[in-house]
Amino acid sequence: MSAIEAVTVEVGGTLVVDASGHFVDPDGDALEYAASSSGPGVASASVAGAEVTVAGVSPGTAEVTVTARDPGGLAASQSFTVTVTPPPPPPPPPPPPLGTATYRVVFEATWSASTHPNGFPPGPHFSQLIGAVHNSGPQFWALGATASSGIEAMAETGATGTLAAEVNAQVPGGALAVISGSGTGSPGTATIQQITVQTDYPLVTLVTMIAPSPDWFAGVSGLSLVDGDGEWIDELAVDLYPLDAGSDSGSNYASPNQDTSPKEAISGLQGVAPFSSAPVGSFTFTRTDT
Ligand SMILES: [Ca+2]
Ligand SMILES: [Ca+2]
């Protein structure tokens with residue numbers, strides 16, 4: 001009769017020990033086997049014929065005792081140690097699928113004789129909305145930077161073609177798409193019913209000319225629609241303050257064209273005459289695919 005060797009099994013795993021080779025009946029009688037575990041919370045044991053099945057339940061060690069009994073009731077027992085090891089770590093979760101989200105964009109123009117009373121002009125309006133869905137590669141405008149030809153044209157005349165071409169030059173790789181929308185009288189509202197953003201293109205740039213004006217505009221640059229946890233933001237409202245594109249030197253709403261050459265840096269005009277410190281409008285991005 002040979003001893004049953006110690007065994008090792010993972011949590012959740014099983015193995016089978018054949019007890020028949022470890023017990024011998026001198027009379028050649030068939031033996032009946034039973035098994036019990038000293039720690040069923042660590043390892044359980046069950047028997048089918050002479051096969052003892054050991055199952056790992058939780059990390060630790062337990063003694064499994066196997067008893068063999070002959071028809072006459074004579075019994076013999078032996079024990080073996082079962083070491084239960086932790087299960088292997090689960091594989092890392094797969095990366096999240098490439099996500100998309102859709103948003104409605106509402107531009108609420110609030111530039112008016114009551115919010116900006118100093119010399120408020122007749123015919124106040126904002127030009128057609130123009131911009132891009134993009135990633136951190138391209139930057140279409142920034143405070144302190146020099147306006148591109150597209151930003152200059154937008155801010156001075158409301159034209160959108162040059163800026164759209166600048167965006168399209170970044171597709172694919174830097175930008176996903178041009179986004180555009182109607183203009184509006186001010187006060188007033190313009191809505192872009194749907195823009196689509198992607199995990200790898202989560203940023204929005206969107207601008208509009210303050211009109212009439214020399215080179216003044218409002219908008220956002222590289223606004224992220226993803227929060228700090230990497231989740232799409234459900235709703236994001238951004239106040240818009242007047243900006244100077246640095247490409248025309250007119251100082252009043254109705255100033256004649258005075259090209260600034262070389263261009264100056266794009267700067268903020270909040271609180272700079274003729275503007276008050278109030279915003280000229282806001283963008284509200286509302287997720288529409290949830
Ligand atoms: Ca200017
Ligand atoms: Ca100019």
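In which strand is alanine 68 found? The close-up views below are taken from a predicted model, in which local features need pLDDT of at least 70, side-chain atom pairs count only at pLDDT 80 or more, and totals for chains, interfaces and linings use all residues. Residues are numbered from 1 along each chain as its sequence is written, while chains are lettered from A and ligands numbered from 1 in the order in which they are written.

View 1. Alanine 68 belongs to β6, residues 60-69, strands being DSSP runs of E of at least two residues, numbered from the N terminus. Alanine 68 counts as buried because 21 C-beta neighbours lie inside 10 Å, the cut-off being 20 or more other C-beta atoms within 10 Å, with C-beta atoms placed from the backbone. Its contacts (C-beta atoms within 7 Å), not counting residues up to four places away in sequence, are Ala19, Phe23, Leu31, Tyr33, Ala75 and Ala76.

**View 2. The open sheet β2-β5-β4.** Three strands are arranged in this order with antiparallel pairing, where a pair requires at least two bridges found by DSSP. The edge strands, β2 (14-18) and β4 (43-48), each pair on one side only. Five bridges join β2 to β5 (residues 51-56), and leucine 15 stands opposite valine 54 in β5.

**View 3. The two faces of helix α2.** Helix α2 (residues 161-168) has Leu163, Glu166 and Val167 as its buried residues, and these pack against β10 (129-134), α1 (149-157) and β11 (175-181). The face turned away from the buried side carries Gly161, Ala165 and Asn168, which are exposed, that is, with 12 or fewer such C-beta neighbours.

How values were computed. Helix = DSSP H or I, 4+ residues; strand = E, 2+ residues; numbered from the N terminus. Contact = placed C-beta atoms within 7 Å.
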